[in-house]
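Have the viewer open as you read.

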Amino acid sequence: MLAELDAIKSDALSAIAAITDEAGLEEARVGFLGKKGRLTAASAGMRDVPREQKKDVGQKLNEVRMAITAALEGKGAVLTAAKDAAAFASIDATLPSRPLPEGGLHPLTHVLNEAVFILRRMGFALAEGPEIETEWHCFDALNTPEDHPARNESDTFYFENGKLLRTHTSSVQIRTMEKEMPPVRIIAPGSAFRRDEIDATHLSVFHQLEGLYVDKNVTLADLKGTLEYFFRELFGSRTEVRFRPHFFPFTEPSFEVDLKLHATGKAAKWIEIAGCGIVDPAVFTEVSTKRGDAAYDPSEISGFAFGMGLDRLAMIMYGIPDLRLLIENDVRFLSQFAK
Amino acid sequence: MNVSLKWLSDHVDFSEYSMDELDDLLTFTGIEVEGIQSLPDNLVVAEVLSSEKHPDADKLSVCQVDDGSGTPRQIVCGARNYRVGDKVPLARPGCVLDAGDGKTFEIREGKLRGVESLGMMCAASEIGLTDDADGLMILSPDLKSGTPLSEVYPAVFELEITPNRPDCLSHLGVARELAALAKKELAGASHHGDSSTPTRAAKDKEIKISTESCPYYTARIIHGVKVGESPAWLKEKLESIGLRPINNIVDITNYVLMEMGQPLHAFDMAKLDGGINVRQAAEGEEFLALDGETYPLTEEDMVIADSSKAVAIGGVMGGEDSGVTETTTDVLLESAYFVTSKIRRTARRLNLHSDSSYRFERGVDPYQVNGASDLAIKLILELAGGKAEEEMVTCGEIPAAPASVALDNDYCRSVIGAEVPDEAIEAILTSLGLSKGADAWDIPTYRLDLIRPIDLVEEVARVYGLDNVPSNQGAWFSPASQADHYFDFASGIQSTLSSLGFFEARNLKLISDQQLTDDLATSHRGMSPIRLKNPLNDEQDYLRPGLVPGLLATASRNQRFGNADVRFFEMGRVFTATPKGGEVEHEHLALLMTGERTARSWADGKPSNLDIHDLRAALEEICPKGLNLVPVDDDRMLCACSIEIGRGKKATKLGLAGIVPLARARELDLEAPVMVAEINLKKLASAAGADLKYKELPKFPSSSRDVAMLVSADLAAGIVADFFANHEEPLLESVELFDVFQDPSGEKLPADKKSLAYSISYRSGDRTLEAAEVETAHAKLLDSLKSGLHVEFR
């Protein structure tokens, strides 16, 4: 009996070793351990074993069963591992991706968002105003002479009712001061309109970012520090910024802001990027008259204002040579800014 | 304004300044340098030694010229206005000339009709000096052959003078400003302002002023002048800044204009009929100006007239028939002061802008009127001879000098934000020609812009320079505004949509009449689009009432660029007029999708087209839960639906969605179906603001039942969804549509029917449901479906 069990064990182990697939494995399991399997049949012979041998034979039987089971399991694991390996062997991970639709924000939005994020960190809140404006908000309140060329129908879009499309976002300064008490610290990105034929450097509808800070004792030093920090955040901490005296009707003193741009292979160049200045007292006087109170009394408060063209900022930041690219929305253009 | 460096050096010595340093000096004065013109290398003075007809071309000559090299140079030339012995500009090979439109061309040796030509003789327009294209430029005979032309006409700055500084619209003005900033001596100008000529008030028959537009007018008469060519120094000065010499008298008036900024006019006495009458024009009066154009005048315009006719549009332009010509012997020289705004109005209305009107409309120093006349008379006597009448005849009064302005130095420092010492403030103002009186600063008569204390602060700040002002960086807490909240909301939608494969478009807010038909936004409540009064062209005559027209144009354009498969979104303001004529501005969001769902790839060689269900999926991503598309009658779209949050009467209507009519899509070259949606973004923002609250996760299992039902083919799934939503059954948890089947052939189902299959899930929050409970609830639901929607179960 013991010899027979040894024979079964040895047959089973060599049969299992030779197995190459799962069907063979099952066949072996049934052949040795199944109801009619050899080991099962052999164990049926236990009852004929003399009593004094029963213990030894029983032990042997158990040992053989465990050996066969272990061999089957071992073989099974080998076969599964081989199958698992085979399952992905033919996958080519270097194929191009399964496509997802590509999308992205317009470059102007990138620039606008970045500018807004920086300025909000600096304590500015957003403000807005209508794009269809009154002449008072767009010009009179901003100390623009009655016969200033910007008011001409050749330069500004008008409506039959006398209103106009704002020529700058500076009108939001007035809208804000009309309804808010000082101190005021706002930025207003938005569209502005000028009656220009569209070409590489002009759009009839363009985008500006306006800023206004009104409080007690606001100075040119505050304006300088604010814009220097802003442009260094936007263009890099080593950006050179300069302030050139200029003229705007609604600020005095007025300055234009230039950045020094370093393009590879070219001499560094000063590029005009923004206008700014100390709010002209005449603007506060207009606002005070309209409000009918002394909240913006020019002898009590002061302020600075700045404005910049966002389209121009985008051109400079990304090296876009022609403004028309910004309104064509060509996917080949937009996808360059998708990441 | 063009300013010649050589001319400036009459007044200030800038010889130790490089061009860049001068550029900087001007820039920090507040004068923008728009460009620096200088003549190219290899452009020299040459003398024409001989000129013979070209053997093979009637219109060409073959010249030998002396370019100073010692060897005559052969040039083939087409001009005829020169004579042998004339000095002309010669561009030698290698000389690079401006060809206009930002292009250049280089002169090379070559053959013209078989004859060798070693350069080009040039007209004034060809070297960019003046607009004179009429034959070769004839240079002064005194110039030495071979002299580089850039020595004769040195660099010219193109300056942009801001409107508040008309005093800088002359060489003397710019020199005065630069001298102050560079702390240099201003030379050769002391005689300019003051006049030593005796004056007498005009008799009525001599000068009469009957208009408020002219406060002060002077005339001086010179008899027996000899009109002729100006000397080289004068011609070169004018040419260097782009002015074409005419004759000595006219050139002198132009010289004084550019030197002092005082416009003058010289009349031929023989062509004046009686004395000068400064008056408003008669309505409809016509005037032939010296530019050859006839201008219709109105009562708003001022003219200088004699007793029978207008001889000049005051301050703007003289007449064709009264100017100085070669036959003139007696000259009346006008020097006057006109009211700024009146000249501006006339110049603008007539669209007639002269060097004279440019200065008068910005403001001219009235105290230099006499001095300018003196300077011109002095030059006329020198260059054209004749005898001036002893006295200058004047009419009217010189306006009062500017009032003095008090400046509190502490105020000045408080605006600048820097500790500028009193001495520095006073030194700056003094350098600019102001003088300190007892309690205020006296303002020079040419500084028309210095009226208020802040105007003086500006001067101090400008000269002190922002470089010397500290950079303050400090801010305070700023509460977020509504605009801030909206910005954040919109940014979130932007990034969601771009992650979903949408590109953001930004279209012009002005659209054409034709594009209005694509609009979805102005359908209701009598809202109408807003037209501009003065559009630039008919492509941009309306403010956009919605965003879809722009997006359709964008899709169409992209189709032409080769991008047929696109998803776009646009956010921005739209404009409509209310029935009462008021304007309303809204913030909208529009989506457009067309073409194949994904890019073609190895994974899917033939992707299917996007459809309305993709559009809905995108809308669901950006809208709060409970989005519904409710079919509406709207012939502007196929499958038109109202986009709503919530159901029934409580629903918030956000906008419209649908498919662009195929005929319109084809007009735009869009072949695949084009899905569009437009919503009011602020409405969405408020609908999306609902509070989120945690609900306990289910502890007990759900039990589901499937039901397949046969319904009329035109029954919208949305109606069935509404039915389920309104079905009152506390155990009903969710309903999912998992199959839609239709058989147009009628074999498997009647052709007018469709099968909808739903999986319905029941659950209780406090127990595991018994099978019997579920069956009861389900049976109730089926009964109710049968009676409510007349469905059959399959």
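## Domains of the two chains

Into which domains is chain A divided? Domain 1 covers 2-87 and domain 2 covers 107-337. Keep in mind as you look that this is a predicted model. The centres of these two domains of chain A, taken over C-alpha atoms, lie 88 Å apart.

For chain B, the domain assignment lists domain 1 (2-38 + 157-188), domain 2 (43-153), domain 3 (199-396), domain 4 (419-466), domain 5 (482-687) and domain 6 (703-793).

## Confidence in chain B

Chain B has a mean pLDDT of 91, with 99% of its residues at 70 or more. Which elements of chain B mark the two ends of the range in mean pLDDT? The lowest value, 57, belongs to helix α5 (residues 190-193) of chain B, and the highest, 98, to strand β28 (residues 503-504) of chain B.

## Two helix pairs in chain A

Two packed helices are described by the angle between their axes and the distance between the axes. Helix α1 (residues 2-18) and helix α4 (residues 51-87) of chain A have axes 10 Å apart and pack at about 0°. That angle is why α1(A) counts as roughly parallel to α4(A). On the α1(A) side the contact includes A:L2, A:L5, A:I8 and A:K9, and on the α4(A) side A:V57, A:K60, A:L61 and A:V64 are among the residues involved. The contact residues of this pair comprise 14 nonpolar, no polar and six charged.

The second pair is helix α5 (residues 107-121) and helix α8 (residues 220-235) of chain A, whose axes come within 10 Å and cross at roughly 135°. These two helices are therefore oblique to each other, and their crossing is right-handed. From α5(A), A:E114, A:A115, A:I118, A:L119 and A:R121 meet A:Y229, A:F230, A:E233 and A:L234 of α8(A). Six of the residues in this contact are nonpolar, none polar and three charged.

## Backbone details worth a look

Where are the cis peptide bonds? One runs from A:P182 to A:P183, with omega near 0°; A:P183 sits in the loop between α7 (171-179) and β4 (184-193) of chain A. Another joins A:E252 and A:P253, with omega about -5°, and A:P253 is in strand β7 (residues 251-261) of chain A.

In chain B, B:C639 is not a glycine, yet has a positive phi of about 50°; this residue is in strand β35 (residues 638-645) of chain B. B:H790, also not a glycine, has a positive phi of about 55° and lies in the loop between α20 (771-789) and β41 (792-793) of chain B.

Note on methods
Residues are numbered from 1 along each chain as its sequence is written. Chains are lettered from A and ligands numbered from 1 in the order in which they are written. This is a predicted model: local features need pLDDT of at least 70, side-chain atom pairs count only at pLDDT 80 or more; totals for chains, interfaces and linings use all residues. Side-chain values use heavy atoms; hydrogens and water are left out. Domain bounds come from an automatic or database domain assignment. Axes are lines fitted to C-alpha atoms, for helices over the stretch in contact, and angles run from 0 to 180 degrees between N-to-C directions. Helices (H or I, at least four residues) and strands (E, at least two) are DSSP runs, numbered from the N terminus. Angles under 35 degrees count as roughly parallel, over 145 as roughly antiparallel, 65 to 115 as roughly perpendicular and the rest as oblique. A crossing is left-handed if the near helix is turned anticlockwise from the far one by less than a right angle, and right-handed if clockwise. Contact means heavy atoms within 4.5 Å. Ala, Val, Leu, Ile, Met, Phe, Trp, Tyr, Cys and Pro count as nonpolar, Asp, Glu, Lys and Arg as charged, and the others, Gly among them, as polar. pLDDT is the predictor's confidence in each residue, from 0 to 100.
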